[in-house]
Amino acid sequence: MKGFDKVTHNYSEALAGLSDNMTVIAGGFGLCGIPEGCIDEIKRMGTTGLTVVSNNCGIDGFGLGKLLEERQIKKMVSSYVGENALFEQQLLAGELEVELTPQGTLAEKMRAGGAGIPAFYTATGYGTPVGEGKESREFKGRQYILEESITGDFAIVKGWKADRYGNVVYRHTAQNFNPLAATAGKITIVEVEEIVEPGELEPAHIHTPSIYVNHVILGSFEKRIEQRTVTED
Amino acid sequence: MALSREQMAQRVAKEMQNGFYVNLGIGIPTLVANYVPDGMDVMLQSENGLLGMGAFPREEELDADMINAGKQTVTAIKGASIFSSAESFGMIRGGHVDLTVLGAFEVDVLGNIASWMIPGKLIKGMGGAMDLVAGADNIIVTMTHASKSGQSKLLKQCSLPLTGAGCIKHVLTDLAYLEIKEEKFWLKETAPGVTVTEIIEKTEGELVVADDVFEMQFM
C-alpha cells in the first residue's frame, strides 16, 4: 500500500522541520542502540537550543556527545551522564542544564507520553532530591510522587529491521529505550540495518507497530562498544 | 580481618535461593554471580532490558548489541528474554525481582540509603538505583563499614542526598552483617577476626549486638 510507505532515502528529508529549541527524544542505552545517522544529521544541520531526552549523552566524540561538542544541546533529561568530561565542563560553566531523572521514571515518562497518560505516581525518588517540589500522595500506606510524562517534537530511534510501513523489530539489548521513544515523538524517525517488504515481519513479533513511525531510513552504523569485556578461558 | 571483595560476594551469595530472579549492581554486587552455590539456579536481571544475563562473551561471541547495565559486553543464557526499558523497570518497580544487591556511600538507622551523589564532586546521575530501592523488598547493601580515615558510614542520619528513604533492612560491610530495624543497627554476624568492639567503634548509628551474633565462616 503506497499510502503507508514511509521509506525515505535521505536524513535531511527525515529531519525536515527540526528547528532551534525543539525537544528531541533519543533511544539508546550508553552507545547501544543509538540513532547514529540522525545524530550526524542534527550535527550537520547545526540546530541549537535543543532539549534532548535520552538515558545517557554518549561519550566524548561519539553518540550524543557529538551534539554536546557542537554546543547544540541546551538541556539534557537523562538518568546518567557520567561518561562525558565535556558534559561536566558545560554544566559548571552554566551552558548546559541537566534534569537527572531515575532511569525507570524516564522510561515510564516516555511510555506514558506516547500513550496519552499525562502523569503517573511512582514511589521512586520519594524522600530524595528527585521528590522535592513534586506533589505526593499516599496509596495503601505508602508515599508516591507525581511525575509528568514526556513527549517530543521529534523522536530518533535505532531499530534492527523495519518493513516499509514502519513496523520495527529491535536486536538484543539495542532495544532499551527505543520502543518508548518511538511512541513519544510527534515525528518519529527510525533508522535500521535492513528494510524488508510488508509481510516479512511476523505480526505478533513486531516490537513497534507502524502507527508510531513517520520515516524509515536505511543506515550504516559503527556500533561502537563502550566496554569490551571478554571471558578469559 | 576485614572481608575481601570476594568474601563479601560469597557471603551475599548465601542469600540466594533456587529459582531467584536477582539484580546485581555494579562493583562488589557483580562478583556475587561468581559464587552462586553449585546446584542452585538463579537468573540475573539487567536493568537495560535483559533477564538471563550470562557470562562475558568469548572473543568470537562479542556483540555490540548485547550489553549489561554497566555497559559491558555480555551473553544471554538459554531461556533469557529481552524487552524494553519500560518493561524492565515495570518488573523492578512492581516488586518482581527476588533479590537486589547494590552498593552505598552511607546508610542510616532509619533505613535510608545514599549512593548516587556527592555534592561538589561530579554529579553523574542515579541511573536505576532509585527505582531498584523503591521497588524491591529484599535488598542487600554491600559497602565498606568506614572510610579509609575511619569515619563511619553507618550513621544516625545520612549526610549525603538520598537514593531511597526507609528502604534498607540488610547491610553487609567488610566487617559485619547487620539488620536495620526499630531505628537501630543489629549486629548479626562478624567478619573472621574482627572484634565486636571495633564494629561498635566504627558504627555511628545506635548498634545492638544480637544475642545470637556469630562469626562468619569461609572455606
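## Parallel pairing around β11(A)

I187(A) of β11(A) is the bridge partner of F154(A). The model is a predicted one, in which local features need pLDDT of at least 70, side-chain atom pairs count only at pLDDT 80 or more, and totals for chains, interfaces and linings use all residues. Strand β8 (residues 152–158) of chain A runs parallel to β11(A), joined to it by 6 bridges. Two strands pair if DSSP finds at least two bridges between them; strands are DSSP runs (E, at least two residues) and helices likewise (H or I, at least four), numbered from the N terminus.

β11(A) is also joined by 4 bridges to strand β13 (residues 215–218) of chain A, again in parallel. Here E191(A) has I217(A) as its bridge partner in β13(A). Of the 8 residues of β11 (residues 185–192) of chain A, 6 are buried, so the strand is largely enclosed by the rest of the structure. Buried means under 20% relative accessible area (1.4 Å probe, protein chains only).

## An open antiparallel sheet

In chain A, an open sheet of 3 strands has the order β5-β7-β6, with antiparallel pairing. β5 (119–122) and β6 (136–139) of chain A are at the edges with a single partner strand each, so one side of each has no neighbour in the sheet. Neighbouring strands of this sheet are turned by 35° against each other on average, direction ignored.

β5(A) pairs with β7 (residues 142–148) of chain A over 4 bridges, in the antiparallel sense. T122(A) has I145(A) in β7(A) as its bridge partner.

## The helix on the sheet

Helix α5 (residues 103–114) of chain A packs on this sheet and touches β5 and β7 of chain A, contact being heavy atoms within 4.5 Å. The direction of α5 makes about 150° with that of β5(A); axes are lines fitted to C-alpha atoms, for helices over the stretch in contact, and angles run from 0 to 180 degrees between N-to-C directions.

## Numbering

Residues are numbered from 1 along each chain as its sequence is written, chains are lettered from A and ligands numbered from 1 in the order in which they are written, and side-chain values use heavy atoms, with hydrogens and water left out.

Definitions and conventions
Buried < 20%, exposed > 50% of the residue type's maximum accessible area, 1.4 Å probe, protein only.
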